Amino acid sequence: RESDHRAWTPVSYTVTRQNATVQGLTEGKAYFFRIAAENIIGMGPFTETTKEIVIRDPITVPDRPEDLEVKAVTKNSVTLTWNPPKYNGGSDITMYVLESRLIGKEKFHRVTKEKMLDRKYTVEGLKEGDTYEYRVSACNIVGQGKPSFCTKPITCKDEIAPPSLDLDFRDKLIVRVGEAFSLTGHYSGKPAPKVTWLKDNIVVKENDRTKIKTTPTTLCLGVLKSVREDSGKYCVTVENSTGSRKGFCQVNVVDRPSPPVGPVIFDEVHKDHMIVSWKPPLDDGGSEITNYIIEKKDAHRDMWMPVTSATIKTTCKIPKLLEGREYQIRIYAENLYGISDPLISDEMKAKDRFRVPDAPEQPIIKDVTKDTAVVVWKKPYDGGKPITNYIVEKKETMATRWVRVTKDPIFPSTEFKVPDLLEGCEYEFRVSAENEIGVGDPSPPSKPIFARDPIAKPSPPVNPEAVDKTKNSVDLSWQPPRHDGNGKIIGYLVEYQKVGDEEWKKANLTADSCPETKYKVTGLTEGLTYKFRVKAVNAAGESEPAYVPDPVEVKDRLEPPELILDANMAREQHVKAGDTLRLSAVIKGVPFPKVSWKKEDHEVSPKADIEVTGVGSKLEIRNTVHEDGGIYSLTVENPAGSKTVSVKVVVLDKPGPPRNLQVSEVRSDSCYLTWMEPEDDGGSVITNYVVERKDVASAQWVAISSSSKKRSHLAKYLMEGTQYLFRVAAENQFGRGPYVETVKPIKAIDPLHPPGPPKNLHHVDVDKTEVSLVWNRPDRDGGAEITGYLVEYQEEGADEWTKFQTVPMLDCVVTGL
């Protein structure tokens with residue numbers, strides 16, 4: 001029965017076992033149960049449960065928690081998260097137990113606090129480099145459930161990952177004024193990167209319109225109700241200890257332009273049109289100005305009239321004006337995003353401000369010839385606009401028609417040379433000025449002139465002087481006259497006078513025989529003193545004479561020799577063998593000096609080409625050889641003195657042969673070579689010696705050293721018994737010189753010594769005139785086979801030994817005693 005009911009409800013009448021399953025109960029309700037036994041006699045008394053039983057599912061421990069994950073690892077901490085078990089065992093989870101095991105140890109140790117219900121936990125205080133694995137269990141009122149699956153082994157170290165950046169925006173963004181825009185993206189990195197926003201390299205700060213939002217994985221910069229000042233280059237930087245990444249976006253907040261910049265300038269004002277100009281807007285709204293709209297308005301009316309709406313120039317012609325009326329101009333700037341507020345001009349009256357120039361004053365005529373004349377005038381008032389041209393006209397005095405003298409513009413000069421006049425005719429001239437308005441009135445006519453050459457005698461020549469002299473001549477020089485009398489100078493007359501005489505003699509008879517400003521007066525007497533004078537001549541006649549200031553004594557002028565050396569006459573001249581030697585100098589002196597070249601105080605080699613000109617001398621030797629080196633001297637001499645210069649010439653060549661090649665210390669496999677340096681090193685330091693050898697039976701020389709700087713060499717690796725020749729050559733930077741060779745072959749054998757003395761010399765027989773001797777071989781043969789034994793005898797008491805003979809064997813009979 002239910003606990004709150006009295007009535008019992010039967011469950012089963014025929015249960016033979018000692019248990020029964022009661023079905024059809026309601027979860028959560030409390031019930032009492034009773035049971036009685038029954039046999040064939042009848043039913044016994046009931047036994048009742050002592051307390052009510054509430055119906056619910058049986059309670060077990062929870063399942064294992066799900067999805068245990070490592071979220072972060074540092075050198076001393078690990079952060080883990082997990083999800084609840086799929087089944088809590090029929091009772092609420094009361095806490096979680098997180099356990100860890102140090103890799104290498106067997107047991108797990110609990111790391112969470114009591115009653116921890118959070119599903120995230122950071123294990124701290126770990127040792128850097130240690131490796132752990134983790135598991136987690138759930139607890140309910142029944143007890144602790146199964147642990148979760150273990151994590152992978154986790155080593156305590158700072159996780160490092162360079163920042164990554166994935167932007168949701170492009171390089172450029174165009175936004176209309178008043179609209180909002182945002183720059184977003186995703187990023188990552190370990191340790192967690194720092195996010196910085198910059199605009200034009202300045203850090204962006206949040207305000208009413210600018211918002212910055214950053215989550216662990218996303219970033220966002222938002223701007224509400226954008227204004228033109230929000231334009232710029234935006235940069236987001238994501239940075240941690242391992243590096244940084246940057247993203248850029250050029251934001252252009254666009255708007256209609258600001259008004260054109262005033263004031264409106266009236267460049268030109270006329271009775272029927274004006275030309276105005278202005279400056280572009282200070283702010284083009286972030287987009288190129290595509291157009292200006294210009295309108296005009298009569299100042300006494302309210303209606304604006306269009307002038308043009310299709311120009312990008314900042315100047316415009318305002319046409320169709322009524323003379324005397326006042327006008328205002330207004331100008332709008334336009335771009336892709338709209339039309340600016342207008343710029344409005346001041347009022348301006350339509351009338352001509354400018355006029356043609358005034359008439360010049362009467363012109364003056366000068367420098368008249370038979371076919372030209374120069375017209376000169378003063379600049380008149382220009383009428384308010386600059387004068388751009390002058391018009392010069394001519395007229396014969398008897399004619400009525402004026403004719404322009406040239407179609408070319410005349411400006412800014414206020415004089416003009418009129419060509420093509422007819423000789424003998426009388427002319428007058430007038431001038432008009434022109435500006436952009438038009439041509440002004442002409443000037444009054446000039447005074448009449450006749451077209452003809454005004455020729456007068458020339459002025460005297462200038463600065464005549466004697467520039468040179470010999471024992472029978474004097475050279476004169478002068479400058480042309482300052483005035484040629486308006487006629488071409490035909491030439492000059494030169495005259496001379498002996499001091500004490502009154503009569504001047506002509507050096508040349510006609511002026512055209514001396515057209516230049518110099519003349520050589522010849523046929524003078526040595527030792528006498530003369531005066532000189534010169535006249536200039538044109539078609540009108542002779543000028544006044546110009547005198548040479550001082551009398552001149554006729555004799556040879558002496559100047560001591562002078563030498564100006566060329567660069568190749570420096571103190572020392574180096575020439576490579578085979579090249580050309582050139583020595584030269586400029587020579588001065590009066591009379592011209594005698595020139596002589598010497599080498600070491602002897603005549604120069606016949607192969608040398610020597611050239612002497614009126615200004616210098618040159619010595620040239622082609623295909624130089626070493627012997628051409630030495631000290632060359634150049635001597636110049638005239639009656640006034642002499643001068644000598646010297647130059648040391650070094651012909652750089654290969655060195656000569658080494659000297660005194662000697663072979664010593666001959667052995668069976670080596671010998672020692674020595675030599676002396678060449679007498680001539682070719683003008684350059686000897687860099688090395690080349691040593692070669694040759695078997696006398698071979699035609700081929702073999703190099704045994706090519707880089708030795710010493711003057712000796714040990715020749716090794718000889719074949720015993722072979723005869724060798726040796727040779728040595730010296731090298732410098734210009735090449736290898738000739739070889740010096742050993743005089744006779746050297747045989748590769750060890751040196752020989754005399755043999756030792758024979759041993760055990762004694763006689764074996766004696767006669768009255770002879771003795772038989774025998775002996776044994778010596779201990780040493782001296783390095784060569786013994787070829788014989790020399791037998792000598794000495795009479796007792798005597799000093800000298802007497803040679804008997806040389807025998808090949810170990811015995812001898814000495815006779816003749």
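I began with Glu393, which is buried, with a relative accessible area of 13%. The cut-off I am using for buried is under 20%. The model is predicted, so I read every value as computed from it.

**Entry 1. Salt bridges**

I asked what the side chain of Glu393 meets. It is Arg430, in a salt bridge of 2.7 Å, N to O. I then placed both partners: Glu393 sits in strand S32 (residues 387-396) and Arg430 in strand S35 (residues 426-435). The two are 37 residues apart, and the pair links distant parts of the chain. I noted the total for the structure as well: 29 salt bridges.

Next I looked up Arg533. Its side chain meets that of Glu495 in a salt bridge of 2.5 Å, N to O. Arg533 belongs to strand S42 (residues 529-538) and Glu495 to strand S39 (residues 491-498), so this pair ties together parts 38 residues apart in sequence. Buried or exposed? I checked Arg533 for this. Arg533 counts as buried, at 13% relative accessibility. Glu495 is buried too, with a relative accessible area of 6%.

I stayed with Glu495. A salt bridge also joins its side chain to that of Lys535, at 3.8 Å, N to O. Here Glu495 is in strand S39 and Lys535 in strand S42, so the pair ties together parts that are 40 residues apart in sequence. Lys535 is buried, as is Glu495. I wrote down the network of salt bridges that links these residues: Glu495, Arg533, Lys535 and Glu542.

**Entry 2. Largest pocket**

I turned to the pockets. The largest has a volume of about 1000 Å³. Of the 33 residues that line this pocket, Pro10, Val11, Ser12, Arg34 and Ile35 are the closest to its centre. I asked which elements give two or more residues to the lining. They are strand S2 (34-38) and strand S3 (43-48). S2 provides the largest share, five residues. By class, I recorded 17 nonpolar, 10 polar and six charged residues in the lining of the largest pocket.

S5 and strand S14 (181-190) each supply at least two lining residues. The largest share, four residues, comes from S14. The classes here are eight nonpolar, five polar and four charged.

Two residues from that list came up again when I checked the backbone. Lys190 and Pro191 are joined by a cis peptide bond, with omega about -10 degrees. I located Pro191 in the loop between S14 and strand S15 (194-199).

Pro412 is in the loop between strand S33 (403-404) and strand S34 (415-418).

I then looked up positive phi at residues that are not glycine. Asp420 has a phi of about 60 degrees and is not a glycine. The loop between S34 and S35 holds Asp420. Asp420 is exposed, with a relative accessible area of 65%.

Lys225 has a positive phi of about 45 degrees, though not a glycine. I placed Lys225 in the loop between strand S18 (218-223) and strand S19 (232-240). Lys225 is exposed, at a relative accessible area of 63%.

**Entry 3. A nonpolar surface patch**

Which residues make the nonpolar surface patch of about 330 Å²? I listed Ile59, Val61, Ile141 and Val142. I followed up Ile59, in the loop between strand S4 (53-54) and strand S5 (66-73). Ile59 is partly exposed, with a relative accessible area of 35%. Patch residues must have over 30%, so Ile59 clears that cut-off.

**Entry 4. Glu553**

Glu553 counts as partly exposed, at 34% relative accessibility. I checked its separation from Leu528: 25 residues in sequence, and 5.7 Å in space, C-alpha to C-alpha.

Note on methods:
Residues numbered from 1 in each chain as written. Predicted model: local features only at pLDDT ≥ 70, side-chain atom pairs only at ≥ 80, totals over all residues. Heavy atoms only, no water. Patch = residues over 30% accessible without salt bridge, like charges linked within 9 Å, V, L, I, M, F, W, Y side chains within 5 Å. Areas by Shrake-Rupley, 256 points an atom, 1.4 Å probe, with all protein chains shown as cover. Salt bridge = Lys/Arg side-chain N within 4 Å of Asp/Glu carboxyl O. Buried < 20%, exposed > 50% of the residue type's maximum accessible area, 1.4 Å probe, protein only. 1 Å grid on protein atoms, 1.4 Å probe; cavity = no way out; pocket = protein on both sides within 12 Å on 5 of 7 lines; lining within 4 Å. Points joined across faces, edges and corners; volume = space filled by probe spheres on them. Nonpolar A, V, L, I, M, F, W, Y, C, P; charged D, E, K, R; others polar.
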